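Student: I have a model open and want to learn how to read it. Can you walk me through it?

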2 protein chains.
Amino acid sequence: MAAGDLFHKHGIRGVGVEAIAEAAQTNKMTLYRYFDSKDVLITEWVRGIVAHKEEDWKDLNAKHRGDPEGQLQDWSRRTAAKLRAMEERGSALGNAFAELPDPNHPARRVMKEHKLREHKRVVRLCKAAGFPDPAFSANLFTMMLEGAHSCGTCVGMRQIGEHLVQVVDLMVENNRRRTA
Amino acid sequence: MAAGDLFHKHGIRGVGVEAIAEAAQTNKMTLYRYFDSKDVLITEWVRGIVAHKEEDWKDLNAKHRGDPEGQLQDWSRRTAAKLRAMEERGSALGNAFAELPDPNHPARRVMKEHKLREHKRVVRLCKAAGFPDPAFSANLFTMMLEGAHSCGTCVGMRQIGEHLVQVVDLMVENNRRRTA
DNA sequence: CCCCTATGTTACCGGTCGGTAACATTTTAG
DNA sequence: CTAAAATGTTACCGACCGGTAACATAGGGG
């Protein structure tokens, strides 16, 4: 979906359907034959991002079966890599949240459900890893993750990903020492 | 500035100048006699928010002179209070960042400079408090702060502020124990 | 009182946007 | 090759938006 790049770069509301069609190497009419409205286009774009991320989680789970610490650590490293590649315009989902204030917008529901699933997964991993306060650890991780985008664009931080890795590793090691 | 409420609730781009005038109990014409364009209106609104926050920092500094730990702890507590009061629509500045993709927008510069100042202040406090790795601590705090808004709206977390307080307190106490 | 300034009213401009109709063109399949 | 399906083109609609012009009204200070 080429429209996504435009949405991300210029903001959802800052991109017209005509420009989207052009970016997709087609025209407005054919676009409207596939998508009923700009809103479903937005929603479908969001759905794609979400699907991709969920796929990533499945992969993570497959590669570290029964190893919650490993999953957490690998997750933090993958996230750090993505953060390193990110530049200036922050998280697509985060921005979409800001740009779609209508609480009933379908894209908003898709995003919210995804974020909730993601957070619950982190909680589950922290529990499985035997962290003393799994809810707190998970919330800390999620806050750092969410804050990372903002910090990258607004504050211009560069080692955000590394910090996340650092904290996750620290929690894991601390827990190992504790249970040893 | 009544316009601010509208900006925050419906998004900057989702609010017309006419609606702003109405909310300010006046009309478009008089509004344009005070502000040359919608963009300067936006910028002035942002400037107001930023000024208010800087004021808060000055107050913080005045109330805990020469006590960086106290400043950090009080800062986390005030932030937590604000987060508790916040609902659904996240941070005004964060959203504005998402809604103003033009890197040359004056409001963007105002926000960026503010966020940088804020972060530098936290770094300075961490240094003054004698934290072993002040850059890391400050980045962690900032990431949590920035992430808090996102977590409140997307993930629906409720104890975000308390977590920030918790982590700041933990760092302070750890450091006291270390230097004792 | 009168003048000057601030504010309100209305109507309008040009532009953009989401979305559609009608028709021409190309591609595909049988 | 031909029919049908998909895609492209153009022009348009109504709505809204940011911003302005012209003019009416109010109000306050001398």
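This is a predicted model: local features need pLDDT of at least 70, side-chain atom pairs count only at pLDDT 80 or more; totals for chains, interfaces and linings use all residues.

Student: Which residues surround DNA strand C?

Tutor: A residue is near a strand if its C-beta atom, placed from the backbone, lies within 6 Å of it. Chain A gives A:Gly16, A:Val17, A:Lys28, A:Met29, A:Tyr32, A:Ser37 and A:Lys38. Chain B gives B:Thr26, B:Asn27, B:Met29, B:Thr30 and B:Arg33. By class there are four nonpolar, five polar and three charged residues. Ala, Val, Leu, Ile, Met, Phe, Trp, Tyr, Cys and Pro count as nonpolar, Asp, Glu, Lys and Arg as charged, and the others, Gly among them, as polar.

Student: How many residues of chain A are in contact with chain B?

Tutor: Contact means C-beta atoms, placed from the backbone, within 7 Å. Here 38 residues of chain A meet 38 of chain B. H8(A) supplies the largest share of chain A's side, 15 residues. Helices (H or I, at least four residues) are DSSP runs, numbered from the N terminus.

Student: How do H8(B) and H9(B) cross?

Tutor: Axes are lines fitted to C-alpha atoms, for helices over the stretch in contact, and angles run from 0 to 180 degrees between N-to-C directions. These two axes come within 9 Å and cross at roughly 170 degrees. H8(B) is therefore roughly antiparallel to H9(B), a term for angles over 145 degrees. Their contact has 10 nonpolar, four polar and no charged residues.

Definitions and conventions
Residues are numbered from 1 along each chain as its sequence is written. Chains are lettered from A and ligands numbered from 1 in the order in which they are written. Two residues are in contact if their C-beta atoms, placed from the backbone, lie within 7 Å. Angles under 35 degrees count as roughly parallel, over 145 as roughly antiparallel, 65 to 115 as roughly perpendicular and the rest as oblique.
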